[in-house]
Amino acid sequence: MADNLPSEFDVIVIGTGLPESIIAAACSRSGQRVLHVDSRSYYGGNWASFSFSGLLSWLKEYQENGDIVNESSAWQEQILENEEAVALSRKDKTIQHVEIFCYASQDLHEDVEEAGALQKNHASVTSVNSTEAADSACLPTEDESLSTTSCEMPAEQTPSSDPESALEVNDVEATGEKENHRDDKTCVLSTSEEETSENVPPVEDTAEQPKKSRITYSQIIKEGRRFNIDLVSKLLYSRGLLIDLLIKSNVSRYAEFKNITRILAFREGRVEQVPCSRADVFNSKQLTMVEKRMLMKFLTFCMEYEEHPEEYKAYEEITFSEYLKTQKLTPNLQYFVLHSIAMTSETASSTIDGLKATKNFLHCLGRYGNTPFLFPLYGQGELPQCFCRMCAVFGGIYCLRHSVQCLVVDKESRKCKAIIDQFGQRIISKHFLVEDSYFSENTCSHVQYRQISRAVLITDRSVLKTDSDQQISILTVPAEEPGTSAVRVIELCSSTMTCMKGTYLVHLTCTSSKTAREDLEPVVQKLFTPYTEMEIENEEVEKPRLLWVLYFNMRDSSDISRNSYNDLPSNVYVCSGPDCGLGNDNAVKQAETLFQQICPNEDFCPPPPNPEDIILDGDSVQPEASESSAIPEANSETPKESANLGNPEEPSE
């Protein structure tokens, strides 16, 4: 068990968010002895995904978090005269302003509980008063199955020093890794078997919801394990750093992805689909033939803008929005390019930044589908776990629900030499990586944090109805007032394994200027309407109906200078939580930078050795022959994976 841990490691990582998990995997892969701990009961920290009841339990934990009483300070007795302690925080203060509204009919009975739930908790989540939510504003206080450990995966996430048992993640996904390329599903794995996507979740067909039936809160509770609700809403650029890292390290075999099917725009009060690929442009009915030629000409220029500096040099000092007005583009096209392709705003980026963002968008098109983006099946919370599994495979030790009381610093060298955990065990290490939320207020007293405003909605249909109900969409709603940010909307359908059939899971994200509800409620009201009994019979309602809404603010600790933290020893490295950006490049860059500081001469997450090329004692194979064959075999993994990703001939860039 966790109280029998080895007393010495090379690297101790505190927190299981995406940057920490990537670093842990890279260090373990390079031969370092890694201990990876998290005081939470689930992997991912603020990058995690939860089932519906898991999310309610998580919210309840945050409400009770303020009542934590400091445990005995017996660990202080272990600090020697030539040492000092840097106490770590016992409270997570990264989430604020939580507000929940339930609009679905609340016909809960006492015996309603989540299908497949392991335990029954008598728990309730308090809702904030709201006139908009009418009579169903408050969540029910009836018995619900709320398990703090029932995260999105069927795996029991138990703290353990045994890497294999600690990494039993998502067996449903692991056994159903092999996918066909139907329904735009993209599988990042190197696969030999084939299985249809219908076979991956073995119980998917049993939860069919008649499209016109009334969706109740009890149905959401019962089907709660079909929800995988991300705390942070992101997508993967198909040529982004994270996809390249997943392929290079072969971690991609632990995950599956689906292609985003639509880029949407919100213009003049209505939602429209944005044509972005060549086929979309020429098939579009929204654009005239002249507009199609204009758009194709401009997008072609953006792909090679660096080769024609004379075209944009004179406009470098102005915003991208002003630059677009100088091009031969109609207002319609300017809007599409600015908000849905470059994904910026009128004032946010310069001409160069806008051209760079447009080129990046176009560069990612066509690698795996008609849009530049991928989404991991079962939610963003899968990604940290994929890297945790790689770390465990190479000998990393994992302990969840395992808190660290303090860092022990040597007064003379000013270096951290050990940690003291909740059991009072002193564990020595050379390097320490700590996620920002674990530092105490004393350490962070000079840090200025930004905030991210988040909303999670469960709705009954898509914001833009089409023939297929299995669309995954991204929509940018521009800011209306100066000083506020554009709102990013990502809508997920049930085939992403993040919500029950007959519903959609919608994530809203923006940089905070006020509370999450104040920032995002105006956009919610534009796109959706509350779910009320009177409107159920009227199938002609234009907007999708809201069934359940959660607002919260999350701390953005990205891009904070290390010097902002007080008295950090040189061998203690800080990992930030999620940033507000759409992609994951910030996490990958941060992980690689810190890894190079710890292991300066090591390759960052190289491919694992091919099992066929591992020479055991007594094997009769000639070493020279095996070494020469190992290189092409190892390298062949990337093209094989890329083939599954729809890009066999192009290596990762």
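The following legends describe close-up views of a predicted model.

**Figure 1. Helix H14 and its buried face.** Helix H14 comprises residues 585-598, 14 residues in total. From its first C-alpha to its last, the helix reaches 20 Å, close to the 20 Å expected at 1.5 Å a residue. The buried residues of H14 are Ala587, Val588, Gln590, Ala591, Leu594, Phe595 and Ile598. Viewed down the axis of H14, these buried residues fall within an arc of 165°, so they line one face of the helix. An α-helix has 3.6 residues a turn, so residues three or four places apart point the same way.

**Figure 2. The largest pocket and its lining.** The largest pocket holds about 1200 Å³ of space. Its lining is made up of 40 residues, and those nearest the pocket centre are Tyr237, Ala342, Met343, Gly581 and Leu582. At least two lining residues are supplied by each of helix H11 (351-364), strand E19 (473-477), strand E21 (504-511) and H14. Helix H11 provides the largest share of the lining, nine residues.

Figure 3. Thr358 is found in helix H11 and counts as buried, at 0% relative accessibility. Leaving aside neighbours within four places in sequence, Thr358 is in contact with Leu299, Cys302, Phe320, Val337, Ile341 and Ala342. Of these contact partners, Ala342 is also listed among the residues nearest the centre of the largest pocket.

Figure 4. A disulfide is a covalent bond between the sulfur atoms of two cysteines. The structure holds zero disulfides. Cys388 is accordingly in no disulfide, and the nearest cysteine sulfur, that of Cys391, is 7.0 Å away. Cys388 is buried, with a relative accessible area of 0%. Cys364 is likewise buried, and its relative accessible area is 0%.

**Figure 5. Ala104 and Pro530.** Ala104 lies in the loop between strand E5 (95-102) and helix H3 (163-166). The residue Ala104 is buried, with a relative accessible area of 0%. Ala104 and Pro530 are separated by 426 residues in sequence, whereas their C-alpha atoms are 8.7 Å apart in space.

Conventions. Residues numbered from 1 in each chain as written. Predicted model: local features only at pLDDT ≥ 70, side-chain atom pairs only at ≥ 80, totals over all residues. Heavy atoms only, no water. Helix = DSSP H or I, 4+ residues; strand = E, 2+ residues; numbered from the N terminus. Expected span 1.5 Å × (residues − 1). Buried < 20%, exposed > 50% of the residue type's maximum accessible area, 1.4 Å probe, protein only. Arc of directions from axis to C-beta. Disulfide = S-S within 2.5 Å. 1 Å grid on protein atoms, 1.4 Å probe; cavity = no way out; pocket = protein on both sides within 12 Å on 5 of 7 lines; lining within 4 Å. Points joined across faces, edges and corners; volume = space filled by probe spheres on them. Contact = heavy atoms within 4.5 Å.
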